[in-house]
Amino acid sequence: MAVLAPAAPVVAPTILDLEASGFGRGSYPIEIGFVEATGLPFCSLIQPAPEWEHWDEQAEQLHGISRELLLRHGRPREWVAQELNRRLAGQTVYCDSWGHDYSWLSKLFESAGCLPRFKLEDLRRLLSEEEAGRWSAVQTQVRDEARLRRHRASAKVLQMTLMRIKQGVDRATTTLGDRRREDFGHCGE
C-alpha cells in the first residue's frame, strides 16, 4: 500500500486593495492597503494631487473617506509609491478589481514619478470556477465575523476569504473577534 505525502499547506499570497474618489474618468486612488503572505498589514490614505479634482459623493458614502480627511491625514503620493516599492519589490500582488485597481495604481505611480517594482494580478486567476462562485458569500461571512461597518481598503478580508475558500472551509474554525480593527486594513480613522 502506498503512503501519500501530506498535502502542502496553501500559502497566502500578498493581497492589495484600493479605494478611490469614484469610478470612471478622473477618478484617483485615495486609500491603499495590502497584507503580506505573513499577515503583516499596511494601509495609507493618499493625499490627492492638486489636479485630482474628481469626487463622487456616492463613493464617499460607501468608503466613508472625505476629501478633507485625505488632505488632513493622507500621506504624500511619493511616500506611498516608495513604500509600496520597498515592501513589495519583486512580488506578484493580487487584487479583486484588477481593471480599476491597475488604473488607479498607475495614476499613483505616474504622479509620484516612478514605476512599480511589483506585478499586479487579478485575484480571480487563483480561483476555480466553483471557488469564484462561492466568493461573494464567503467574503460576506468573513466581513460579518470581522464586524466591519464600512467598506474600506481591506486586503486582509480578501486574503482571509481566499484562504477560507482554498482550504475548503465554509465556516470559521476560529473567531475573528479577537483581531484588532487595524488588522483589517483600516487607517486614517
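I took a charge to sit over a ring if NZ of Lys or CZ of Arg is within 6 Å of the ring centre and within 35 degrees of the ring normal. The model is predicted, and local features need pLDDT of at least 70, side-chain atom pairs count only at pLDDT 80 or more, and totals for chains, interfaces and linings use all residues. I number residues from 1 along each chain as its sequence is written, and side-chain values use heavy atoms, with hydrogens and water left out.

Charges over rings: I found R75 over the face of W79, at 4.2 Å from the ring centre, and R77 over the face of W52, at 5.7 Å from the ring centre.

Aromatic pairs: I paired rings of Phe, Tyr and Trp (its six-membered ring) if their centres lie within 6.5 Å, calling planes under 30 degrees apart stacked, over 60 edge-to-face and the rest tilted. The count by this rule is six aromatic pairs. The pair of F34 and F42 is stacked because the ring centres are 5.0 Å apart and the planes stand at 25 degrees. F109 and F118 pair edge-to-face, with 6.0 Å from centre to centre and 65 degrees between the planes. I also noted that ring pairs link F34, F42 and W79 into a cluster.

Burial: I used buried for under 20% relative accessible area, exposed for over 50% and partly exposed for in between (1.4 Å probe, protein chains only). Both F34 and F42 are buried; F109 is buried at a relative accessible area of 1%, and F118 is buried at 9%.

Cysteines: I looked for disulfides, meaning pairs of cysteine sulfur atoms within 2.5 Å, and the structure holds zero. C95 is buried at 0% relative accessibility, whereas C114 is partly exposed at 26%.
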